[in-house]
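Me: I am new to this structure. Please show it, and then let us go through it in short questions.

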Amino acid sequence: MAIKESTAPAVNGASRQFDAIIIGAGFSGLYQLHKLRDDLGLNAVILEKADGVGGTWYWNRYPGARCDSESYYYCYSFNKEIEQEWSWSERYPEHPEIRKYLNFVADKLDLKRDIRLNTEVTSAAFDDATNTWTVRTKDGQSLSAPFLITAVGCLSTANVPQMKGLETFEGKWYHTGLWPHEGVDLTGKRVGQIGTGSTGIQAAPVIAEQSQHLTVFQRTANYSIPARNGPVTAEEVKHTRENYDDIWKLARAGTNGHPFSISTQSALSVSDAERQEIYEKAWERGGLRFRASFSDVLQNADANLTASDFLRDKIKTVVKNPEIAEMLTPRDHGFATKRPPIDSGYFETFNRDNVLLVDIKAEPIVEVTPKGIRTTRQEYELDIIVFATGFDALTGPLVNLNISGSHGAKLKDEWAAGPRTYLGLQSPKFPNLFTITGPGSPSVLCNMPIAIEQHVDWITDCIRQMRDKGLKRIEADTDSAEKWVAHVNEAADATLLPMASSSWYLGANVPGKPRVFMPYAGGFARYTAICNDVAQSGYRGFALS
Ligand code: NA7
């Protein structure tokens, strides 16, 4: 089947009234449209700002952009045919392949006729009298539906730091999450990269190879585990296809939606030699599974220290210059208390002659100049600045939709002190609005497609039950949301996650953002059981009418 990245506007282009409006055509929106339209028979539409499907993967096209979940489980599990027909080429899929996959799914399920591309939502308002959402778009459309579902992703609002003098820069600058589709020719260029999170760690080795010179401006040193990327063999594809039922069962039973179990033994219960051997094996295997080497890496500070020390030592063995190795060694937070990156030659990059590391805690950036970046120590001349500075995560994409709910309540105001949701699925005062992978759900702590499918299935079932019972309105109780927020905090506090002071899980990367731990850290399986229980109880904690 020929797969195109973009399609013409949807067939239902003239309609204004729907049963459900979905915002966003990434993993979440596509599956939600399929469920509502093809399972429930609803008249549903996706509104998508971009000119193609893909969501996060439509926008993130920076050099080296690929998924950190392994391809065989970074995909949908709901359709056997898709599972059996699609094959991934690499252990970690690169961004074009993920877009190709999502286009394949959209074509296979004939979703594109109900997707309005190039349609940016500028506001959404709820009318209490009619229990209807009205959504307005940049191109002047006004569409309404009883249900509004956001499928806008967690990492879709770029965080571009307000740097003095940026407008005077004579070269070009780019944010990794808004990378030009035609690519950027880095040949012969002096590139400055700001940011060493998962994105920066993926991008630096590729930029270093393509450019004349790379200067990495590092604010916080990071841990990273080798991805050990490589081609997927025909035998692996066969094995995966034959075992998908077990793979999904395992993924859903776990903490992070990955099809591997976290070890049940404590890092402190084994001898030093045994522990070293286990970490070595995990290091050689590569990938996020390293985190699962012991049961308490994220629960016990002493256990965490063993993993952190192991990874710190690895930096020393890879990076030849001891001073640079020390600059690259994280000292302020424990391994995996921030989202752990995985890499393909990140630390090795600093052994190259054309790469320079600048510690901007030791020499803070003062300003961007016409010629480059000036720190307190010197000016670095650059042709291109790459902001790998992350996102206004989880809340940014929702707040930016300009949503007003019951009696004009604004989401922006309601969440001014941090997101207040019940199960990460709904927020009080916003009836009939569902937020796929919203704050307060496992979302970014999870392999995303698994988290997305669980939310979409729950939402679809809820709408089905409302329809069957003739109910028109569902709204989370304030009390349930307060209790849920307290539980989200309690779940985070049972881990070491809140201890990383510069983590985007806490909103710490965006100046002025309230410091609240946003995703649900209690584990995917536990979360699913809570959601199922709420549904089975007749939607305890929600007001239905
Ligand atoms: P992250 O993980 O938020 O990383 C952003 C990086 O940019 C990080 O090193 C930040 O340092 C740095 N940063 C942010 N703002 C500034 C300013 N103003 N000056 C200097 N440095 C700055 O974003 P990513 O895109 O790498 O990854 C996001 C997620 O996408 C990732 O976790 C995966 O889930 C996929 P800091 O650490 O805050 O000191």
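Me: In strand 18, which residue is the bridge partner of A125?
Reply: This is a predicted model, in which local features need pLDDT of at least 70, side-chain atom pairs count only at pLDDT 80 or more, and totals for chains, interfaces and linings use all residues. Residues are numbered from 1 along each chain as its sequence is written, and side-chain values use heavy atoms, with hydrogens and water left out. Strands (E, at least two residues) and helices (H or I, at least four) are DSSP runs numbered from the N terminus. In strand 18, A125 has as its bridge partner S404.

Me: In which sense do strand 4 and strand 5 pair?
Reply: Strand 4 is residues 121-127 and strand 5 is residues 132-137. A124 has V135 as its bridge partner, and F126 has W133.

Me: Which residue in the turn between strand 4 and strand 5 has a positive phi?
Reply: The two strands form a hairpin, with 4 residues between them. The positive phi is about 50°, and the residue is N131.

Me: Which strands stand at the edges of the open sheet?
Reply: The sheet has 4 strands in the order 6-5-4-18, with mixed pairing. Each edge strand has a single partner strand, so one side of each is left without a neighbour in the sheet. The edges are strand 6 (142-145) and strand 18.

Me: How far apart are the end C-alpha atoms of helix 9?
Reply: Helix 9 has 18 residues, 301-318. The expected span is 1.5 Å times one less than the number of residues. That gives 26 Å, and the model agrees: the ends are apart by 26 Å.

Me: Which residue caps the N-terminal end of helix 9?
Reply: A side-chain oxygen lies 2.7 Å from the backbone nitrogen of D302. That oxygen belongs to N300.

Me: What covers the buried residues of helix 9?
Reply: Buried means under 20% relative accessible area, exposed over 50%, and partly exposed in between (1.4 Å probe, protein chains only). The buried residues of helix 9 include A303, F310, L311 and V318. Their cover includes strand 11 (225-226), helix 8 (272-285), helix 10 (322-327) and helix 11 (346-349).

Me: Is K35 buried or exposed?
Reply: K35 lies in helix 1, residues 27-39. Leaving aside neighbours within four places in sequence, K35 is in contact (heavy atoms within 4.5 Å) with L40, V456, D457 and T460. Its relative accessibility is 14%, so K35 counts as buried.

Me: What is the relative accessibility of N489?
Reply: N489 is found in helix 15, residues 478-493. N489 counts as partly exposed because its relative accessibility is 29%.

Me: What is the radius of gyration of the protein?
Reply: The radius is taken over C-alpha atoms, and the globule rule is 2.2 Å times the number of residues to the power 0.38. For 545 residues, a compact globule would come near 24 Å. The protein agrees with that, at 23 Å.

Me: How many helices and strands does the protein have?
Reply: Along its principal axes, the C-alpha trace spans about 70 × 55 × 50 Å. Buried residues make up 59% of the 545. The secondary structure comes to 16 helices and 21 strands.

Conventions: Polar contact = N/O pair within 3.5 Å; in protein donor to acceptor, adjacent residues only side chain to side chain. Pairing = 2+ DSSP bridges.
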